[in-house]
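Here are my notes on this entry, point by point. Please read them with the coordinates open.

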Amino acid sequence: MNELKMNGPEDSPTLRRKVPSKSLLLAIWAAGIGGTFQYGYNISIINAPTKAVQNFINQTWTERYNTEISTQVLTLLWSSIVSIFTVGGLVGASVGGTLAIRFGRKGTLLFNNTFALLAAFFMGLSYPSRTFELLIVGRFLTGVNAGIAICVQPLYIGEIAPRALRGAMAMGTSIFITGGILTGQVIGLTELLGKEEYWPILLSTICIPAIMQLLTLPWFPESPRYLLIDRGDDVASKKALMWFHGPDKYHGEKEDMERERVSAVGIKPKKPWELFTDTSLRWQLLTLVVIHTSQQLNGINAIYFYADYVFTQAGIPADKIPYATVGTGACECITALTCGLLIESLGRRALIIGGYSLMSVCCVCFTIALTFQESSPWVPYLSMICVFAFILSFGLGPGGVTNILTTELFTQTDRPAAYIIGGSINWIAFFFIGMIFPFIVNGLKQYCFLVFLVICCLVATYIFFVVPETKNKTFLEIQNEFHSRKKLIAANGTEGPLLSTPM
């Protein structure tokens with residue numbers, strides 16, 4: 001097969017191939033099952049045993065101090081068990097990029113399973129040892145595991161995927177997150193491990209995905225881009241490319257990597273604070289901050305908060321609401337799969353702008369529906385439609401595209417630091433919304449969605465004017481588009497919008 005010609009990306013054999021190899025799909029599965037699957041699983045798995053764990057804390061407290069625990073202390077301990085997950089996530093995100101540079105993408109994912117196994121051990125040991133403090137330790141470690149995974153797994157997938165399929169393959173990150181959420185919801189049903197006496201087993205099941213990854217991921221190569229650009233190992237990089245793409249289909253990717261390697265000669269991987277001082281990355285960095293902050297502040301958490309209330313008002317019996325909640329998880333999982341099918345045809349911009357625009361409409365409709373919830377028997381069903389529509393819009397847009405953009409907006413030497421920054425912002429925003437959200441809801445009631453309406457509109461507007469389409473472009477081509485914007489500003493002395501290429 002001929003090498004990639006230099007007269008245009010459309011000549012690339014990589015771009016002509018529409019179906020990923022079986023080796024590539026299996027590698028993405030191996031990376032995801034112990035990666036972002038754990039993130040989604042640990043978010044949802046803690047909901048089912050809420051009352052059981054609180055009863056365990058109360059019993060343990062009584063045995064120790066011969067008095068029942070106060071409501072305030074119980075609430076504080078339970079809140080600590082739930083929220084320490086975000087603290088661990090922030091720690092994991094802060095070190096994930098550094099570990100990915102030192103140990104490689106695959107090596108870091110394998111090492112990361114240590115935290116999941118330790119967490120499963122501590123949480124499983126908490127009941128027989130009558131030590132509820134181990135639950136806090138375990139949840140912190142699950143957070144570290146999730147923080148590293150959500151930072152490193154997209155790096156690995158984004159670097160092993162061919163350019164023409166990079167968006168679809170990178171959707172594996174979102175598919176595994178939503179798959180983890182759905183799996184946690186299903187496992188937490190009373191027919192499975194949701195019974196009160198099973199909660200130690202339920203919380204310990206996080207060891208299963210970790211073991212599965214330890215058994216499968218070692219069979220796959222390290223990221224060829226990491227091997228060539230970071231390690232300078234041309235032979236290992238070529239072998240990895242042939243493994244992922246086949247001996248007759250890897251040449252186009254090899255050419256792209258060689259060009260990026262040449263551009264990175266003599267440049268060491270940047271630290272996070274170095275990105276902030278690099279003026280050439282100003283717009284990429286600002287975009288990173290915007291999309292990761294809005295990922296948590298766009299109202300998706302509020303929708304899930306209101307879901308139980310909406311289902312109750314619609315007449316769903318209390319014992320059936322967990323099944324309706326599983327429906328929301330299935331809805332988000334399906335939209336992630338759908339986004340994976342559409343992203344290479346519609347492009348990143350169309351999906352993320354469309355997603356935020358539809359979420360804005362849903363915010364208006366949901367506010368109206370909640371305001372007139374008691375006025376007519378059909379209004380609660382309108383609220384249910386809004387719940388599912390908002391989740392669909394989130395999954396098709398920001399839920400699926402955010403991590404892909406993080407991969408594509410930066411080159412090899414900048415990408416790990418970008419993931420540290422993006423991951424840290426995501427976890428800080430996650431913690432922030434968890435802390436202030438109850439006050440927002442109590443103060444504004446259903447009108448809290450007007451706040452999220454403003455956020456969604458602003459983000460959609462920013463992306464429309466600033467972010468170019470990245471579909472079917474090399475990392476260097478994307479970087480050059482941002483550099484062209486800087487030169488245009490310098491020439492005109494104005495902050496004109498960055499015009500995107502046709503989608």
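1. Burial. Of the 503 residues in the chain, 56% are buried. Keep in mind that this is a predicted model.

2. Fold content and size. The chain holds 24 helices and zero strands. Its radius of gyration is 23 Å, close to the 23 Å from the globule rule for 503 residues, so the chain is as compact as a globular protein of that length. Along the principal axes, the C-alpha atoms fill a box of roughly 75 × 50 × 40 Å.

3. Contacts. Take the contacts in the chain with a separation of 6 or more: 83% of them join residues 24 or more positions apart.

4. Surface and charge. Side chains split into 37 positive and 33 negative. The centres of these two sets lie 4 Å apart.

5. Helix 21. This helix spans residues 398-408 and is mostly covered, with eleven of its eleven residues buried. Among them are Pro 398, Gly 399 and Gly 400, as well as Asn 403 and Glu 408.

6. Thr 367. This residue sits in helix 19, residues 348-371. Is Thr 367 buried or exposed? Its relative accessibility is 6%, so Thr 367 counts as buried; the cut-off for buried is under 20%. A polar atom of the Thr 367 side chain lies 2.7 Å from the backbone oxygen of Cys 363. Leaving out residues up to four places away in sequence, Thr 367 touches Gln 446, Tyr 447, Phe 449 and Leu 450.

Notes
Residues are numbered from 1 along each chain as its sequence is written. This is a predicted model: local features need pLDDT of at least 70, side-chain atom pairs count only at pLDDT 80 or more; totals for chains, interfaces and linings use all residues. Side-chain values use heavy atoms; hydrogens and water are left out. Buried means under 20% relative accessible area, exposed over 50%, partly exposed in between (1.4 Å probe, protein chains only). Helices (H or I, at least four residues) and strands (E, at least two) are DSSP runs, numbered from the N terminus. The radius of gyration is taken over C-alpha atoms; the globule rule is 2.2 Å times the number of residues to the power 0.38. Contact means heavy atoms within 4.5 Å. Lys and Arg count as positive and Asp and Glu as negative; His and the chain ends are not counted. The place of a charge is taken as NZ of Lys, CZ of Arg, CG of Asp or CD of Glu. A polar contact is a pair of N or O atoms within 3.5 Å; within protein, one must be able to donate a hydrogen and the other to accept it, and residues adjacent in sequence count only if both atoms are side-chain atoms.
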